[in-house]
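My entries follow in the order in which I checked things.

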Amino acid sequence: MKLMESDFKMLHGDKLSKSSGIMTTLSSMIKSNIQHLNLPQEVVMCMVRTRTFIRLNNMNRELKCGLLHKKLKKFTS
């Protein structure tokens, strides 16, 4: 997972990349780095999907909290 996380951060940065085929690209990068583990492609794709959805949920939560904070500040000002 640590190897996957470093590839994930390298490819996406602090946000999510909007390139086409990004999950396939990331899974290929990860698969080449962990080929000694002999994981099936389905497992690698599941890890990539799960990590991407975690990032997306965190980004949505940050956006929601930021908007809520702005609305409260505007209301109380």
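At what angle do the axes of helix H1 and helix H2 cross? I get roughly 140° for H1 (residues 2-12) and H2 (residues 22-33), with the axes coming within 10 Å. The axes are lines fitted to C-alpha atoms, for helices over the stretch in contact, and the angles run from 0 to 180 degrees between N-to-C directions.

Before going on I note the ground rules. The model is predicted, so local features need pLDDT of at least 70 and side-chain atom pairs count only at pLDDT 80 or more, while totals for chains, interfaces and linings use all residues. Residues are numbered from 1 along each chain as its sequence is written, and side-chain values use heavy atoms, with hydrogens and water left out.

**Helix pair**

I file H1 and H2 as oblique to each other; angles under 35 degrees count as roughly parallel, over 145 as roughly antiparallel, 65 to 115 as roughly perpendicular and the rest as oblique. H1 passes H2 in a right-handed crossing, meaning that the near helix is turned clockwise from the far one by less than a right angle. On the H1 side I list Leu3, Met4, Asp7, Phe8, Met10, Leu11 and His12 in the contact, and on the H2 side Ile22, Thr25, Leu26, Met29, Ile30 and Asn33. Contact means heavy atoms within 4.5 Å. Sorted by type, the residues of this contact are nine nonpolar, three polar and one charged. Here Ala, Val, Leu, Ile, Met, Phe, Trp, Tyr, Cys and Pro count as nonpolar, Asp, Glu, Lys and Arg as charged, and the others, Gly among them, as polar.

**Whole chain**

I count three helices and zero strands, in the order α-α-α from the N terminus. Helices (H or I, at least four residues) and strands (E, at least two) are DSSP runs, numbered from the N terminus. Buried residues make up 19% of the 77 residues in the chain; buried means under 20% relative accessible area, exposed over 50%, and partly exposed in between (1.4 Å probe, protein chains only). Of the contacts with a separation of 6 or more, 49% are between residues 24 or more positions apart.

**Salt bridge**

How many salt bridges does a search of the whole structure find? It finds one, taking a side-chain nitrogen of Lys or Arg within 4 Å of a carboxyl oxygen of Asp or Glu as the criterion. The partners are Glu5 and Arg51, with the closest N and O atoms 2.7 Å apart. Glu5 lies in H1 and Arg51 in helix H3 (residues 41-76), so the pair ties together parts that are 46 residues apart in sequence. Glu5 is partly exposed at 22% relative accessible area, whereas Arg51 is buried at 15%.

**Single residues**

Val44 is in H3 and is buried, with 0% relative accessibility. Not counting residues up to four places away in sequence, I find Val44 touching Ser27, Ile30, Lys31, Ile34 and Leu39. The C-alpha atoms of Val44 and Met4 are 9.2 Å apart, at 40 residues along the chain.

Thr52 is also placed in H3 and is buried at 11%. Leaving aside neighbours within four places, Thr52 is in contact with Phe8, Leu16 and Met23.

Asn38 sits in the loop between H2 and H3 and is exposed at 65%. I flag its positive phi of about 55°, as Asn38 is not a glycine. Most residues other than glycine have a negative phi.
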